[in-house]
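Subject: Structure handover

Dear colleague,

My notes on it follow directly after.

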Amino acid sequence: MNRKNRLALKLMALCMATVGWSGVHAADVIISAERLLDVKTGRMIDKPEILVREGKVVSIGRVGGAAAAGGAVAAGEAPTRIDLPGMTLLPGLIDMHVHIDADPTYGGYSNLEYNDRFWSALAVVHAGKTLDAGFTTVRNLGSADWNDVGLGQAIDAGKVRGPRIIPAAWSFGPTGSHCDSTYFPPSMDQKGPYNADGPDEVRKSVRSLRKYGAQVIKVCATGGVFSRNTEPGQQQMNLAELRAAVEEAHQWGLQVAAHAHGAAGIKDAIRAGVNTIEHASLIDDEGIALAKKHGAWLSMDIYNGSYTALEGKKNGVLEDNLRKDREVTELQRQNFKRAHAAGVKMVFGTDAGVHPHGGNGKQFAIMVQYGMTPLQAIQSATINAAEALARKDVGIIEPGRYADLVAVEGDPTVNVRLLEAPAVVIQNGLIVKRLTP
């Protein structure tokens with residue numbers, strides 16, 4: 001790439017980073033690279049050339065032939081070229097479990113030093129870091145004060161940089177559950193605003209959350225690591241409540257994600273028809289068999305325990321929470337290995353916010369360490385995630401889908417750690433991040 005082209009790409013990225021971007025480009029864009037990973041087949045396509053129009057892929061051919069492969073370049077303004085010699089292109093990555101307004105450096109009670117809107121402001125910064133890490137779509141599974149809904153709207157409007165956000169808004173469970181407010185005495189009267197006890201209350205919470213912008217419903221079927229007075233293995237929502245959540249959400253066209261560490265809660269969530277099981281730390285053989293039978297996806301956050309073990313105490317995380325994290329981390333990783341070996345469907349979810357945003361890609365190496373090939377780990381964050389979301393506009397580089405791509409200098413199917421810091425990130429056919437050449 002010559003000096004003139006490098007300067008143009010830098011200026012493009014700088015403009016989008018400082019003034020925002022509406023996602024509409026006046027001219028066609030042609031993107032070329034050394035190779036492209038077809039995540040459907042696992043094969044590399046040499047010398048790819050991709051024609052992009054209005055943010056979506058029109059055609060894929062070989063260098064010099066993108067227009068011929070999918071029709072002529074649109075008349076009028078000359079197409080913009082993005083040439084990435086020596087680089088490998090992949091689809092923009094998808095993280096199925098983040099908390100965009102959470103910051104792990106504030107643990108225990110230290111977050112009480114700040115105003116509620118502090119976290120809204122941090123969410124904007126976290127969105128930019130997530131996008132720069134190559135994650136062009138995320139599912140936000142739990143956020144206070146509608147932060148994820150508002151942030152997603154601002155990103156869609158081109159006011160701030162960030163990935164496409166599929167928001168759950170407030171996650172909920174029964175009174176006293178992991179999703180309730182469990183850190184305060186009764187005199188402070190703190191509680192989750194959508195606590196639901198019994199099927200009728202569950203249905204009302206689903207309806208209320210959808211009304212104000214939730215695009216996925218997050219329920220807490222079991223206890224958790226970072227709450228007080230709950231244990232990860234405890235079941236908190238019964239089968240009737242879980243079925244009510246699923247029936248109501250599906251009626252409205254929404255999917256359901258269930259926070260579920262414990263074996264009993266996992267199995268009832270699957271029986272209820274939940275779409276994705278989050279964490280799945282203590283899944284047993286029966287749960288693995290049920291997941292396969294019902295086609296439930298597992299989203300297992302097997303990186304963040306490493307971060308918490310190293311930084312949690314310094315960040316103010318309470319000893320009881322550190323104890324639970326120690327007890328769960330390796331069990332979850334071994335059960336990830338077992339479930340994958342058994343053929344359970346897996347997606348990529350990191351629980352970012354428990355670890356720093358922008359470090360999402362560090363989970364790929366852990367997934368490979370515990371049984372996946374690099375290609376399978378990549379597929380979990382691309383084609384698998386898109387299928388789990390029932391979306392046909394992300395997750396694969398093919399005509400009709402958004403031109404969301406990442407580029408790395410090397411072969412990520414050999415060295416998956418290349419995805420920890422992509423060299424280039426493209427969203428809707430425009431460069432949004434490029435490392436200095």
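Two strands are taken to pair if DSSP finds at least two bridges between them. In this predicted model, Ser 32 stands opposite Glu 49 in β3.

Strand β1

That pair belongs to the contact between β1 and strand β3 (residues 48-53), which run antiparallel and are joined by 4 bridges. Strand β1 itself covers residues 29-37 and is mostly covered, with 7 of its 9 residues buried. Strand β5 (residues 80-91) runs parallel to β1, and 7 bridges join the two; here Ile 30 has Arg 81 as its bridge partner. Strand β2 (residues 44-46) is antiparallel to β1 and joined to it by 3 bridges, with Asp 46 of β2 as the bridge partner of Arg 35. The hairpin of β1 and β2 has 6 residues between the strands, and Gly 42 in this hairpin takes a positive phi near 85°.

Helix α5

Helix α5 comprises 13 residues, 199-211, and reaches 18 Å from its first C-alpha to its last, close to the 18 Å expected at 1.5 Å a residue. Its buried residues are Val 202, Ser 205, Val 206, Ser 208 and Leu 209. Seen down the axis of α5, these buried residues fall within an arc of 170°, so they line one face of the helix. The face turned away from the buried side carries the exposed residues Asp 200, Lys 204 and Lys 211. The cover over the buried residues of α5 includes β9 (216-220) and α6 (239-251). Just after the helix, Gly 213 takes a positive phi of about 120°.

Nonpolar cores

The largest nonpolar core has 76 residues, and those with the most contacts inside it are Phe 172, Ile 217, Val 219, Ile 277, Leu 298 and Phe 364. Helix α6 gives the most to this core, with 5 residues. The core draws at least three residues from each of domain 1 (29-91 + 397-434) and domain 2 (93-358).

Which residues does Phe 172 contact, leaving aside its neighbours within four places in sequence? They include Val 202, Ser 205, Val 206 and Leu 209, which are among the buried residues of α5. Also in contact with Phe 172 are Cys 179, Tyr 194, Ala 196, Ile 217, Lys 218, Val 219, Cys 220 and Met 237.

Yours sincerely

Key: Residues are numbered from 1 along each chain as its sequence is written. This is a predicted model: local features need pLDDT of at least 70, side-chain atom pairs count only at pLDDT 80 or more; totals for chains, interfaces and linings use all residues. Side-chain values use heavy atoms; hydrogens and water are left out. The expected span of a helix is 1.5 Å times one less than its number of residues. Buried means under 20% relative accessible area, exposed over 50%, partly exposed in between (1.4 Å probe, protein chains only). The arc is that of the directions from the helix axis to the C-beta atoms. Contact means heavy atoms within 4.5 Å. A nonpolar core is a set of buried Ala, Val, Leu, Ile, Met, Phe, Trp, Tyr and Cys residues joined through side-chain atoms within 4.5 Å. Domain bounds come from an automatic or database domain assignment.
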